[in-house]
Amino acid sequence: MSGVARGDRPALHTVYEMTSAKLFATIVRIVRERERAEDLLQDVYVKVWKRAARFDPGKGSPITWLCTIARNTALNDLRRTARGEELAGDTLPEVEDDDIKPADEWLCDMEDNRALARCLEELQGDHRRSIKLAFFEGYSHSELAEKVNVPLGTMKSWIRRGLAGLKGCLGG
């Protein structure tokens, strides 16, 4: 990352080669369109090129920082283009976690996937489904609250409590 921060193009190429598959998986999991995800991946590396000097290794690993940029880029794109998918009914559907793709800080570390899946299953149903839809499917708090017909504060509370439960379970 320090090479990228200095404007070293071969360093950016190396970072791309080492991380593009993981970042692409994170983006495509959220936007669900390969072509769109490819465009967003390019946007991510443009942002990395411009912002590399802001990377602080004291706050996390490079892949965590990159995954956060990728996830936020995908979510921002969804918000701009307005999500077309609708949640049906008045309950939160179960989201399959057979192929969990990392989407955020501790979710980016593949070694934690088994522990994460185990900890998710220990959560209360509404908390688990809310977290899965927010972090793995890209729904915003307000989208979830509207679709499930619960107050926004309730949805935020479910997600906050679920994240606290995950943090405790994962030892963070």
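Predicted model: local features only at pLDDT ≥ 70, side-chain atom pairs only at ≥ 80, totals over all residues.

Is Cys67 buried or exposed? I looked it up: Cys67 has 0% relative accessibility, so it counts as buried. My cut-offs are under 20% relative accessible area for buried, over 50% for exposed and partly exposed in between, with a 1.4 Å probe and protein chains only.

Residues are numbered from 1 along each chain as its sequence is written, and side-chain values use heavy atoms, leaving out hydrogens and water.

Next, disulfides. I count a pair of cysteine sulfur atoms within 2.5 Å, and that rule gives 1 disulfide. Cys119 is joined to Cys169, S to S 1.9 Å. Cys119 sits in helix H5 (residues 113–122) and Cys169 in helix H8, 50 residues apart, so the pair links distant parts of the chain. Helices here are DSSP runs (H or I, at least four residues), numbered from the N terminus. The S-S torsion is about -75°, so I logged the disulfide as left-handed. Cys119 is buried at 1% relative accessibility, while Cys169 is partly exposed at 24%.

Last, the helix pairing. H6 (residues 125–136) packs on H8 (residues 152–170) at about 95°, with the axes 8 Å apart. H6 and H8 are therefore roughly perpendicular (65 to 115 degrees). Contacts (heavy atoms within 4.5 Å) include Ile131 and Phe135 from H6, and Trp158 and Leu166 from H8.

How values were computed. Axes fitted to C-alpha atoms, helices over the stretch in contact; angles between N-to-C directions. Helix = DSSP H or I, 4+ residues; strand = E, 2+ residues; numbered from the N terminus. Parallel < 35°, antiparallel > 145°, perpendicular 65-115°, else oblique.
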